[in-house]
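Q: Could you take a close look at the nonpolar core of this protein and explain carefully how the chain is built around it?

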Amino acid sequence: MVGQLAVSKAGHDKGSIYLIVREEETCVYLADGSLKRYAAPKKKNKRHIQEIHGGLSAKEMESLAQNPADADTKIKRVLKIFERNRFRYREV
């Protein structure tokens with residue numbers, strides 16, 4: 001589950017897209033690179049998110065952990081690419 005993209009299904013951030021950066025038994029930690037940074041991710045119940053196709057591989061997630069200074073930039077780039085592709089296919 002770590003490294004996948006997720007959409008918030010509940011709360012004030014409903015509809016927002018995040019990257020799952022950590023996982024516990026009943027909750028996950030989400031980051032979007034701008035409001036919720038890699039160093040201080042948002043804690044959310046697993047029932048309140050929907051996993052979506054896309055994200056980072058395990059190797060890429062390791063590189064985020066090794067270099068947290070660039071983590072937010074990489075997360076923003078992944079989310080931007082996903083959004084661009086999502087709207088491209090929606091128009092067809």
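A: A contact here means that heavy atoms lie within 4.5 Å. By that definition, among contacts in the protein chain between residues at least 6 apart in sequence, 51% join residues at least 24 apart. The model is a predicted one, and its protein chain holds 2 helices and 5 strands, which follow one another along the sequence in the pattern β-β-β-β-β-α-α. The radius of gyration of the protein chain is 13 Å, close to the 12 Å that the globule rule gives for 92 residues, so the chain is as compact as a globular protein of that length. Buried residues account for 36% of those 92 residues.

Turning to the core itself, the largest nonpolar core has 18 residues, and those that touch the most other members are L5, L19, V21, L64 and I75. At least two residues of this core are supplied by each of β1 (4-8), β2 (17-23), β3 (27-31), α1 (58-66) and α2 (71-91), and the largest share, 5 residues, comes from α2.

As for the surface, the accessible area of the protein chain is about 6,100 Å², with 50% of it belonging to carbon and sulfur atoms. The chain also carries 19 positive and 12 negative side chains, and the centres of these two sets are 5 Å apart.

Technical notes:
Residues numbered from 1 in each chain as written. Predicted model: local features only at pLDDT ≥ 70, side-chain atom pairs only at ≥ 80, totals over all residues. Heavy atoms only, no water. Helix = DSSP H or I, 4+ residues; strand = E, 2+ residues; numbered from the N terminus. Rg over C-alpha atoms; globule rule 2.2 N^0.38 Å. Buried < 20%, exposed > 50% of the residue type's maximum accessible area, 1.4 Å probe, protein only. Areas by Shrake-Rupley, 256 points an atom, 1.4 Å probe, with all protein chains shown as cover. Lys, Arg positive; Asp, Glu negative; His and termini not counted. Charge placed at Lys NZ, Arg CZ, Asp CG, Glu CD. Core = buried A, V, L, I, M, F, W, Y, C linked by side-chain atoms within 4.5 Å.
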